[in-house]
Amino acid sequence: MTGQVLSEVSGVVAAEREAGLVAAYRELVSHPLPDGLVRTELLRGRDGHWRIQTLWRDRAALETVRTAPGGAPAPRLFLDAGAEPALAVFEVEVHLTAQVGPA
């Protein structure tokens with residue numbers, strides 16, 4: 001076990017609000033990232049389904065962000081885009097990063 005956790009915030013965003021969600025996410029990640037954040041990505045699915053997945057060093061790093069004044073920013077991004085956010089947290093049990101060679 002690595003101790004890392006993956007948080008996932010998802011929601012269904014109306015087509016006319018999608019550009020705003022993308023812009024807000026880009027703005028968010030243009031600022032210094034919280035301590036313990038390893039990786040984050042905004043993912044687009046079909047039919048307006050979106051999700052933000054964030055890999056954290058450990059649960060304590062995630063909880064620090066979630067309990068900060070104003071709370072975690074990812075759910076707010078979905079609320080601001082008119083979507084009801086759903087949150088899930090997963091313990092990382094096995095981790096593999098592929099080695100990519102020269103193209």
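**View 1. Glu8, a buried residue.** With a relative accessibility of 12%, Glu8 counts as buried (buried means under 20% relative accessible area, exposed over 50%, partly exposed in between, with a 1.4 Å probe and protein chains only). Glu8 sits in strand S1, residues 5-12. Helices (H or I, at least four residues) and strands (E, at least two) are DSSP runs, numbered from the N terminus. This is a predicted model, where local features need pLDDT of at least 70 and side-chain atom pairs count only at pLDDT 80 or more, while totals for chains, interfaces and linings use all residues. Numbering starts from 1 along each chain as its sequence is written, and side-chain values use heavy atoms, leaving out hydrogens and water.

**View 2. What Glu8 touches.** Setting aside neighbours within four places in sequence, the contacts of Glu8 (heavy atoms within 4.5 Å) include Ile52, Gln53, Leu87 and Phe90.

**View 3. The buried face of H1.** Glu18, Leu21, Val22 and Tyr25 are buried in H1. Viewed down the axis of H1, the buried residues fall within an arc of 95°, so they line one face of the helix; the arc is taken from the directions from the helix axis to the C-beta atoms. Their cover includes strand S2 (37-44), strand S3 (49-56) and helix H3 (73-80).
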